Amino acid sequence: MAFVNLKDLKANVGGQLRLTLNSSGVYEEKEWQGKKFNTFKYEVIQDGQTMTLDATDSLKRKLDLINTGDDFLLSWEEFTKDGRLMNYWKLEKVSKESANPQFENVKKSVNEFEQQLQKDKAVKDKVQTTNSTYTNGARLGMIFNNTFDLYKHFDCSWTEEEFVKNFKRVESFVNACENAPEKKPFELPSGEKKVEPKVEQPVNYTSDDLPYTSDDLPF
């Protein structure tokens, strides 16, 4: 049976290894370089593969806090005490649902997006049903798109009834613009005549009519 390489985990301080505890610890006494020490052999599951985990007393104390079948994150951490750098095993119990948190978040986002699409489709279908008199698809789409822009502006907080109500409001604005009367040139009320501007005719004077003659002019 393969074993969990705790040496590599220690070399990667802070790195987390996700495991599932699959058995209780079995005591063993080992000897290394003439010194005896206690170990506890556990069976764990990593990525669907059953493996052996050899734990010393310090790690065993952490494993005693969880139950068989529990998922946990195991890491080798460091801290400073009295100016000395020290290490310890950190064991964090996690839920089964967090086995792939990234996948779960993506799945949740996709589900929320699908729900929103279904909601938007239901609203659009309802608008189309209650406005069956429309024959111009481009016109209907323009009204719906403008209503949907307002819907997003208000953080998509409308109910279906509110959406339909506001759709009809946008529709009334469009109708008002399309049916606005054309501006006509200004016309006088009936019975009144247009007054034409009076143009004065120039007056011709002869030299005999002037109080002076051309000989009196300085030029």
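Predicted model: local features only at pLDDT ≥ 70, side-chain atom pairs only at ≥ 80, totals over all residues.
A pocket, as the word is used here, is an open set of grid points with protein on both sides within 12 Å along at least five of seven lines.

**First stop: the largest pocket.** Select Leu6, Phe37, Thr39, Asp54 and Thr56. Of the 14 residues that line the largest pocket, these are the closest to its centre. The pocket holds about 340 Å³ of space. To see where the lining comes from, colour helix 1 (6-11), strand 3 (35-46) and strand 4 (49-55), each of which supplies at least two lining residues. By class, the lining comprises seven nonpolar, three polar and four charged residues.

Remain in strand 4 and select Gln49. Leaving aside residues up to four places away in sequence, Gln49 touches Ala2 and Val44. The C-alpha atoms of Gln49 and Ala2 are 8.7 Å apart, although 47 residues separate the two in sequence.

Move to strand 5 (residues 71-81) and select Asp71. Which residue forms a salt bridge with Asp71? The partner is Arg18, and the closest N and O atoms are 3.2 Å apart. This pair, too, links distant parts of the chain: Asp71 is in strand 5 and Arg18 in strand 1 (residues 17-21), 53 residues apart. Asp71 counts as buried because its relative accessibility of 6% is under 20%. Arg18, at 24%, counts as partly exposed. Other residues that Asp71 touches include Leu19, Thr20, Glu92 and Lys93.

**Last stop: Lys93 and Asp70.** Select Lys93 together with Asp70, which form a salt bridge with closest N and O atoms 3.4 Å apart. Lys93 lies in strand 6 (residues 84-94) and Asp70 in the loop between helix 2 (57-63) and strand 5, so the pair ties together parts that are 23 residues apart in sequence. Asp70 is buried, with a relative accessible area of 14%. To finish, display Glu28, Lys30, Lys41 and Asp54, which salt bridges with shared partners join into one network. The structure holds seven salt bridges.

Definitions and conventions: Residues numbered from 1 in each chain as written. Heavy atoms only, no water. 1 Å grid on protein atoms, 1.4 Å probe; cavity = no way out; pocket = protein on both sides within 12 Å on 5 of 7 lines; lining within 4 Å. Points joined across faces, edges and corners; volume = space filled by probe spheres on them. Helix = DSSP H or I, 4+ residues; strand = E, 2+ residues; numbered from the N terminus. Nonpolar A, V, L, I, M, F, W, Y, C, P; charged D, E, K, R; others polar. Contact = heavy atoms within 4.5 Å. Salt bridge = Lys/Arg side-chain N within 4 Å of Asp/Glu carboxyl O. Buried < 20%, exposed > 50% of the residue type's maximum accessible area, 1.4 Å probe, protein only.
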